[in-house]
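Subject: Structure for you to look at

Hello,

Here is the structure I said I would pass on. Please open it alongside this note.

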Amino acid sequence: MTELITAVDAVDVRFPTSRERDGSDAMNPEPDYSAAYVTVRTSGGAEGHGLAFTVGRGNDVEVAAVRALAPLVVGLPVDDVLADLGAFSRRLTGDSQLRWLGPEKGAIHMAAAAVVNAVWDLYGRREGKPVWRLLSELSPEQLVDLVDFRYLDDALTRDEALDILRRAEPGRAERTDHLLRHGYPAYTTTPGWLGYDDEKLVRLAAEAVADGFTQIKLKVGADPADDLRRLRLAREAVGPHIRIAVDANQAWGVRQAIDRMTPLLRYDPYWIEEPTSPDDILGHAAIRRAIAPVKVATGEHTHNQVMFKQLLQAGALDVLQLDASRTAGVTENVAILLLAAKFGVPVCPHAGGVGLCEMVQHLAMFDYVAVSGTTDDRVIEYVDHLHEHFTDPVRIRDGRYLPPTAPGISAELHPASIADHRFPDGPVWDRQATA
């Protein structure tokens, strides 16, 4: 009998990270890392898991958005979905009434990401492969079939995308072997949360270097004197040869960003991340011109592939930071990786959040094996929080991600973690309410 998708379940899962100020930055002083956690089930008993990441309140909105998409998915034949994942993604993002809520942005687009990623997880499990390897073994023609070129072909045509993938194809096996032996470079944000005191910042920065990381990141954007002092302490702790990125999390206006970065230059910041509104493409371009050679990095809040196209066309960024669950999941991120390759811009994925390290490693590793063919100036963000809740958590050794070997996209939560952290009735939140 034909195997059908029978359910798309969504659960509101939240972790009280605000208690220790983990994840704190200039715009998010007390985040509770959260997941609108999705399980796609089939009539054959198979499952796929994905999630959309939020920082607390609003996670219920994201769960509702997933449930709104479910009728577009339930009842579809599994073989048909997996045979044309480009069409499946467009089905979710193209429904006329739900698309009105975006289009292709915001809560409804993030919900599509959670469902799309869950279906890729299902695909990987069916094939017995991690998603990075599943993608890397698709033909160039299969990969470009995932991409909707309608709004992209003034910057990237189907033929150009095919050419990028075909040029990379002969080295796939060699790069896969290198990845399995050596892993993928990482940087860590763990030392730099804005709510940490100076002692904790210095201790964690030194520990990061001892653990093999060659780049760390600090949050900035609140008090200028604090920014200068904390960057000085970090530079003293790690020495002159470790890269230090700084991240304003959108706190500044364009002129303010230029002014606020000027005194920090004495401590050699590598990049400034999200210096202003993530929607201000021309503002990012102006900042980039003004503070060069310090790099401008952005992308974790970029809505879709069209905005990435414009950021690249405008020369507005030096480092592209795609996110596994902000745009429409694996499928749209394939298009974004191809755009970055066309413009020669390195991709350093955003991974500060529950499950993002687990999912985004697959995208960066696929990029190395089958798209860009390089890890030069490329690092995946690493944050040392909440990995114990996943059945296939990330593995870091000597400052590098070790490639996942388990089938799927690494997004499955332990059932006990879901039960404990379900909001608002899980025991963790019940204890919070009565404390």
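Predicted model: local features only at pLDDT ≥ 70, side-chain atom pairs only at ≥ 80, totals over all residues.

Residues are numbered from 1 along each chain as its sequence is written, and side-chain values use heavy atoms, with hydrogens and water left out.

The protein chain has 18 helices and 12 strands (DSSP runs: H or I of at least four residues, E of at least two, numbered from the N terminus). Its radius of gyration, taken over C-alpha atoms, is 21 Å. The C-alpha trace spans about 65 × 60 × 45 Å along its principal axes.

Of the 435 residues, 59% are buried (under 20% relative accessible area, 1.4 Å probe, protein chains only). Among contacts (heavy atoms within 4.5 Å) with a separation of 6 or more, 73% join residues 24 or more positions apart.

Now the helix pair. H8 (residues 158-168) packs on H15 (residues 329-343) at about 80°, axes 10 Å apart (lines fitted to C-alpha atoms over the stretch in contact; angles run from 0 to 180 degrees between N-to-C directions). The two are therefore roughly perpendicular (65 to 115 degrees). H8 contributes Glu 160, Ala 161, Ile 164 and Leu 165 to the contact; H15 contributes Leu 338, Ala 341 and Lys 342.

Best wishes

How values were computed:
Parallel < 35°, antiparallel > 145°, perpendicular 65-115°, else oblique. Rg over C-alpha atoms; globule rule 2.2 N^0.38 Å. Buried < 20%, exposed > 50% of the residue type's maximum accessible area, 1.4 Å probe, protein only.
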